[in-house]
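Visitor: I'd like to learn how to read the features of a structure like this one. Could you walk me through them?

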Amino acid sequence: MSLSREDLDMSGELSGQNDYINYTVLMPPTPDNQPATSAPTESKPTTRFASESQGKEEGGSSGGKGVQRRMSVMKSPNNKSMLLRTQTGDFDHNRWLFETKGTYGIGNAFWQDQDDYNGEGGVSMSDFLDKPWKPLTRKVKVPPGVLSPYRLLILIRLVALFFFLIWRWRNPNPDAIWLWALSIICESWFAFSWLLDILPKLNPINRATDLAALHDKFEQSSPSNPTGRSDLPGVDIFVSTADPEKEPPLVTANTILSILACDYPVEKLSVYISDDGGAILTFEAMAEAVQFAEVWVPFCRKHNIEPRNPDSYFNLKTDPTKNKKLRDFVKDRRWIKREYDEFKVRVNGLPERIRKRSEMHNQKEEMKENKLAQEKDGGSTPQDPINVTKATWMADGTHWPGTWLNSGADHAKGDHAGILQVMTKVPEPDPVMGHPDEKSLDFTGVDIRLPMFAYVSREKRPGYDHNKKAGAMNALVRASAILSNGPFILNLDCDHYIYNSLAIKEGMCFMMDRGGDRICYIQFPQRFEGIDPSDRYANHNTVFFDGSMRALDGLQGPVYVGTGCMFRRYALYGFNPPRANDYLGMFGQVKTQAQEIRPRTSDEEDLETEPLNHPDLNLPQKFGNSTMFNESIAVAEFQGRPLADHMSVKNGRPPGALIMPRQPLDAHTVAEAIAVISCWYEDKTEWGDRIGWIYGSVTEDVVTGYRMHNRGWRSVYCVTKRDAFRGTAPINLTDRLHQVLRWATGSVEIFFSRNNPLLATRRLKFLQRIAYLNVGFYPFTSIFLVVYCFLPALSLFSGQFIVQSLDIEFLFYLLIITLTLTLISLLEVKWSGISLEEFWRNEQFWLIGGSSAHLAAVLQGLLKVTAGIEISFTLTSKSAGEDEDDIYADLYLVKWTSLFLVPLTIMIVNLVAVVIGFSRTVYSVIPQWSKLMGGLFFSFWVLAHMYPFAKGLMGRRGRVPTIVYVWSGLTSIILSLLWISISPPDENNTSGGSVQI
């Protein structure tokens, strides 16, 4: 049936431009719309692609004019044009005309299997199964109802601070000019510090991933991937450890087991552990872990276990049978639990077993030497005792090439050979299914393969600077490039295990999505276990991980924080991104396409007139003398590209390029990997300067991430619904302060180095530059914070205040600033998802850490820069825990350290000042209550922030250590004598200047 403009009344208001186009509606012939015929007709196709002649023949005269119908044909050379999609890739439902023959007809819900619907040039079910292109990730913006007031309040507070500081500078206190000067200087710095902290938080965002779309794109059969093998890129996972005494091997083994069992294609996963101490205890613990993994990993895959760290799984407080449907789960769990208990006993018994084995072999060696000496002397016993080197022996009866229990030449922590041991071979490219009696469990239909796992301990020799953890990570980068060359690298600390088995796929969604080729790393938030319920010392650090890091994700990306980070190997090599932008103008408001940096030839390097690029933008050239490593760089870059499955994907790779199986390792490849972890390999190269983890800073993680951002790369913050990784954190006050001290020291080093963001390139966004500037500036706030914490006490001692009087203008400004700060904090809690208690704990520890660890870091950094003197803050005394069964026993340990001196002094001084100030006001002839209330308010503000510090000093049952009493007494006496000498009692002064007794 054909309709045209003349057949329709289109004169109404709803008519539009396209309403007057002639169009054809196809009504297929069915028994209820055909004229009655007595003679059978020749069977003809009844699809909607029938010929035009068919319609003319079927219009018989017996039906009269009212039943005559005219059939038309779609005049397209390709009948599948009806299935053409729109430019966005969505299915165009407006162009689809349904057909019915008394059944369901044709559609993507049901497909009738008849030849009538599959004629030559017709459509088939595969046309409906061809899904439109879908992105792998999406941005979830903060609701405008939260973000807009948040930004407005920041602006209001900024204006209020500006006018408040102007008023403070114009209205000094002539009665206490020194008190006014100290306070206004500190307040000006606090305003500047707050501005550095709040500006990068103007654009927080959230992100979501689509794991189903990732599976459809990379792990389904397609014309380019007929076998259905995974087309995902390879991932190399690095785990670092250094000392088995401080980092128990059982904890490291559980981390390795969680990695081996993660949900990622087995043939694309490679695991490396860096043992920087070269300890045989760690080596044999890893061998035990691999043996247990042969049953633990298939068990996790069979029953979909979460988490896949056995220690954490068996310590869960929830019902283990929840959502488990297989009947043999209880039996399997009981058996695997017994196997894990035996595994723990074997690992815990390794030190004693290694010691006894070494003693036995050393005795044999001593007996053998004595026997040889007797034979040489004609059977007589030698008079001089024979000294045999006390070696450490492996289970196969050979010397351990690493660090011995009794250190000797070539076998000490800083002097041993390089070790590389591949403990599990390269897995088969296709799944290997288990059997009913596999290791006493029924693994029928379960893939029993294990990822490749290698133990690495780089060579160490005296006279070389090994650069601590950064040097160990760079050695792993080179060794892994030779053995597996995964285009992406995930680094974890030995106590951070995979809590979400899909975490790697979640991160891969960002790397493989449109524009993912510009992402240098994916940073996951750090989550911790074993923290006391009240989180006394803000160990969870949620204000940073859920607040600041989300906000940075809306700029150029979060900073790298050391663990739980997935790197693009090509970016780690120091190369520039495929596309970058320059941000010009005072505030980076002018965005232009950055010019491509080309490598400079030797002739250009000799020309002095040649303009130089920023050092971070020059391309790396000196990777070392390994040909195999240099050839792997281009391969890693290509394999790390996203799929070129859409016109908007730039710098992509063709589908199916990564389905080829990996080649098995040979002796030559392993020998090359051992060569690149030697201590001399980095000589005359750019490792640590431009390539890999950057050397020269305690916080090598922040510097490494900064260098990548400085080249124009972007990073992404991946917050998963189920925590991606979990680890441990120090809950003891002393350990926590020393951890913060290390971070703050690294920040001071950054400020005084070439990594200062003030010297950054134009590729760093303005607000991203401000964020990095805050990283280097925040320790210096401790100087002004300590002074400001003493001001309330000085005010109470002197009877004066920072202002001459509490007039209405001062109180109005104070009210506006405090109220806006409170509302800003509430809105930040709203969009970040943290709790008010966590926010308050963070504020408390900010003052505790700022008056102790941050101040020490500034002192240490200044001495190092000016005089080259390095100061280490070590523990001076330690008390043992009383209850070993209490998981929070370490919280109550009191370990005295010099970092306690300043905050303890602040507490004592303010307490003494409260008593003196209150007594002076009460016994004064003319009490000045306004000045007392001002001083008391700020003193209680300081003491409220110091409350967790006081609890940490009092231990489990409020028993204060003797040194606290001694220090309190000495401080009180010194303060009293000092104040008497400065302001002696005066009989004529009874207005509050002194206390008369």
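Predicted model: local features only at pLDDT ≥ 70, side-chain atom pairs only at ≥ 80, totals over all residues.

Visitor: How many helices and strands does the chain have?

Guide: There are 28 helices and 19 strands. Helices are DSSP runs of H or I with at least four residues, strands are runs of E with at least two, and both are numbered from the N terminus. Of the 997 residues, 50% count as buried, meaning under 20% relative accessible area; exposed is over 50%, and partly exposed lies in between (1.4 Å probe, protein chains only). Take the contacts between residues at least 6 apart in sequence: 77% of them join residues at least 24 apart. Contact here means heavy atoms within 4.5 Å.

Visitor: On to sheets. In what order do the strands of the eight-strand sheet run?

Guide: Two strands pair if DSSP finds at least two bridges between them. The order is β9-β10-β6-β5-β11-β15-β13-β18, in an open sheet with mixed pairing. β9 (419-424) and β18 (714-717) stand at the edges with a single partner strand each, so one side of each has no neighbour in the sheet. On average, neighbouring strands of this sheet are turned by 20 degrees against each other, direction ignored. Inside it, β11 (488-493) and β15 (565-568) run antiparallel and are joined by four bridges; Leu490 has Met566 in β15 as its bridge partner.

Visitor: Which helix packs on that sheet?

Guide: Helix α12 (503-511) does, touching β5, β6, β11, β13, β15 and β18. The direction of α12 makes about 150 degrees with that of β13 (519-523). Angles run from 0 to 180 degrees between N-to-C directions, and axes are lines fitted to C-alpha atoms, for helices over the stretch in contact.

Visitor: And which strands make up the three-strand sheet?

Guide: β12, β19 and β14, in the order β12-β19-β14, form an open sheet with mixed pairing. β12 (497-498) and β14 are the edge strands with a single partner each, so each has one side left without a neighbour in the sheet. β12 pairs with β19 (725-728) in the antiparallel sense over two bridges, and Tyr497 has Arg726 in β19 as its bridge partner.

Visitor: What describes a pair of packed helices?

Guide: The angle between their axes and the distance between the axes. The cut-offs are under 35 degrees for roughly parallel, over 145 for roughly antiparallel, 65 to 115 for roughly perpendicular, and oblique for the rest. Among the residues of α3 in the contact are Tyr150, Ile154 and Trp169, while Trp180, Trp194 and Ile198 are among those of α4. By class, this contact has 13 nonpolar, two polar and three charged residues. Nonpolar covers Ala, Val, Leu, Ile, Met, Phe, Trp, Tyr, Cys and Pro, charged covers Asp, Glu, Lys and Arg, and the others, Gly among them, are polar.

Visitor: Are α21 and α25 parallel or antiparallel to each other?

Guide: Roughly parallel. The axes of α21 (781-798) and α25 (901-922) come within 7 Å and cross at roughly 20 degrees. The contact of α21 with α25 includes Phe790 and Leu796 from α21, and Ile906 and Arg920 from α25. Its classes are 14 nonpolar, four polar and one charged.

Notes: Residues numbered from 1 in each chain as written. Heavy atoms only, no water.
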